[in-house]
Amino acid sequence: MMKMFDTDSVDCRQKVEAGIKRASLFTWERTAEQTVEVYNSCLTDSIRKIC
């Protein structure tokens, strides 16, 4: 069961701050770079299987 937080509680504020800090680790640029890496890896693997 989900625990409910009082929006004014210290625990709630700490969780919000932790979430914002965690979210800062994710960027659209990094997502795009990782997506290109996966595509390149798949293409390389496909070419090896063909040759």
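Helices, as the term is used here, are DSSP runs of H or I with at least four residues, while strands are runs of E with at least two, and both are numbered from the N terminus. The structure is a predicted model, in which local features need pLDDT of at least 70 and side-chain atom pairs count only at pLDDT 80 or more, whereas totals for chains, interfaces and linings use all residues. Residues are numbered from 1 along each chain as its sequence is written, and side-chain values use heavy atoms, with hydrogens and water left out.

By these criteria the protein chain contains 2 helices and 0 strands. Its accessible surface, computed by the Shrake-Rupley method with a 1.4 Å probe, amounts to about 5,200 Å², and 62% of this area belongs to carbon and sulfur atoms. Of the 51 residues in the chain, 4% are buried, where buried means under 20% relative accessible area, exposed means over 50%, and partly exposed covers the values in between (1.4 Å probe, protein chains only).

The structure holds 0 disulfides, a disulfide being a pair of cysteine sulfur atoms within 2.5 Å.

The count of salt bridges (a side-chain nitrogen of Lys or Arg within 4 Å of a carboxyl oxygen of Asp or Glu) comes to 1. This salt bridge joins R48 to D45, with 3.8 Å between the closest N and O atoms. The two residues are separated by about one helical turn, because R48 and D45 are 3 residues apart in helix α2, which spans residues 28–50. R48 is exposed, with a relative accessible area of 61%, whereas D45, at 36%, is partly exposed.

Helix α2 also includes T35, which is partly exposed at 33% relative accessibility. The side chain of T35 reaches the backbone oxygen of T31 at 2.8 Å.

Technical notes
A polar contact is a pair of N or O atoms within 3.5 Å; within protein, one must be able to donate a hydrogen and the other to accept it, and residues adjacent in sequence count only if both atoms are side-chain atoms.
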